[in-house]
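Me: I'd like to walk through this fold with you, strand by strand and then side chain by side chain. Could you take my questions one at a time?

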Amino acid sequence: MNTSQTVQQLQAEWVTPENFRRYGQVIFASQDGKAFDAEDAQLNLQNGTPRFYIMRLQKRGQKFHKITRHVQCTQCLGSLEGKDWLIAVCPPRNDMNEPALEKIAAFRIPGNCFIKLNEGTWHAGPYFEHEVVDFYNLELADTNVVDHFTHDFLKSHQLEFEMV
């Protein structure tokens, strides 16, 4: 049995509302008093109690081999202190239990915005080269218990990804 692993590089592009649309939304600052519209985060938090918290992550690097999705809610992530970060995503296909390998993309997220992941969007991250980054996270209180589906590429394809 061949147990050698391959590292596949993913070119991370700077996120824009256009290039991220199939995975979710990118939300930048807007003027106070602006009416709610399609540029605001379109949230689905109706299947439980929303949880908004700050998670502290230690130096994570740029490699991953596991990717996760949540099918019952949207999820919002953003860094504090203006630090940029990386995320890999794959479009939701809720009829499949495995992400489409050829559709995985990587994005660099600037510290002046946040992303909203659509229900079912596969994601690996946040990743970064900073020592520590605090992230705000909006999901459901029990998302990581009852709505956390992970695929391990090391087990299925002997594959690891590196975002560059």
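Me: Over how many bridges do strand 8 and strand 9 pair?
Reply: This is a predicted model, so take everything here as computed. Strand 8 covers residues 85-90, and its pairing with strand 9 is antiparallel. Within that pairing, L86 stands opposite R108 of strand 9. The number of bridges between strand 8 and strand 9 is 5.

Me: What ring does the charged end of R108 sit over, and how far is it from the centre?
Reply: R108 is the residue that L86 stands opposite. Its charged end sits over the ring of W14, and the distance to the ring centre is 5.7 Å.

Me: Where does the charged end of R51 sit?
Reply: Here the distance to the ring centre is 3.6 Å. The charged end of R51 sits over the ring of Y53.

Me: How far apart are L10 and A106 in space, C-alpha to C-alpha?
Reply: L10 belongs to strand 1 (residues 6-10), and its 8% relative accessibility puts it among the buried residues. L10 touches A106, and its other contacts include F64, A88 and F161. Although 96 residues separate L10 and A106 in sequence, their C-alpha atoms are apart by 6.1 Å.

Me: Which residue of strand 14 does F64 stand opposite?
Reply: Strand 5 and strand 14 run antiparallel and are joined by 2 bridges. F64 stands opposite a residue of strand 14, namely F161.

Me: How many aromatic pairs are there in the whole structure, and why is the pair of F64 and F161 stacked?
Reply: A search of the whole structure gives 10 aromatic pairs. For F64 and F161, the ring centres are 5.0 Å apart and the planes are at 15 degrees. Stacked means planes under 30 degrees apart, so this pair counts as stacked.

Me: How many residues apart in sequence are the parts that F64 and F161 tie together?
Reply: F64 sits in strand 5 (residues 63-64), while F161 sits in strand 14 (residues 159-163). Both are buried, F64 at 2% relative accessible area and F161 at 0%. The pair therefore ties together parts whose separation in sequence is 97 residues.

Me: Is the pair of F153 and F161 stacked or edge-to-face?
Reply: F153 is buried, with a relative accessible area of 0%. The ring centres of F153 and F161 are 5.2 Å apart, and their planes stand at 80 degrees. Planes over 60 degrees apart are needed for the label, so the pair is edge-to-face.

Me: Which residues do ring pairs link into a cluster?
Reply: The stacked pair of F64 and F161 and the edge-to-face pair of F153 and F161 have both come up already. Ring pairs link a cluster made of F64, Y127, F153 and F161.

Me: Which backbone nitrogen does the side chain of Q25 reach, and at what distance?
Reply: Q25 is in strand 3 (residues 24-28) and is buried at 14% relative accessible area. Its side chain reaches the backbone oxygen of D40 at 3.0 Å. The backbone nitrogen it reaches is that of Q42, at 2.8 Å.

Me: Which residues are linked with K34 in a network of salt bridges?
Reply: K34 and D37 meet in a salt bridge at 3.0 Å, N to O. K34 also forms one with D40, with the closest N and O atoms 3.2 Å apart. The residues linked with K34 in the network are D37 and D40.

Me: Is E81 exposed or buried?
Reply: E81 forms a salt bridge with K83, the closest N and O atoms being 3.5 Å apart. K83 counts as partly exposed at 21% relative accessibility. With a relative accessible area of 66%, E81 is exposed.

Note on methods:
Residues numbered from 1 in each chain as written. Predicted model: local features only at pLDDT ≥ 70, side-chain atom pairs only at ≥ 80, totals over all residues. Heavy atoms only, no water. Phe/Tyr/Trp six-rings, centres within 6.5 Å; stacked < 30°, edge-to-face > 60°. Helix = DSSP H or I, 4+ residues; strand = E, 2+ residues; numbered from the N terminus. Buried < 20%, exposed > 50% of the residue type's maximum accessible area, 1.4 Å probe, protein only. Lys NZ or Arg CZ within 6 Å of the ring centre and 35° of its normal. Pairing = 2+ DSSP bridges. Contact = heavy atoms within 4.5 Å. Polar contact = N/O pair within 3.5 Å; in protein donor to acceptor, adjacent residues only side chain to side chain. Salt bridge = Lys/Arg side-chain N within 4 Å of Asp/Glu carboxyl O. Lists of a residue's contacts leave out its neighbours within four places in sequence.
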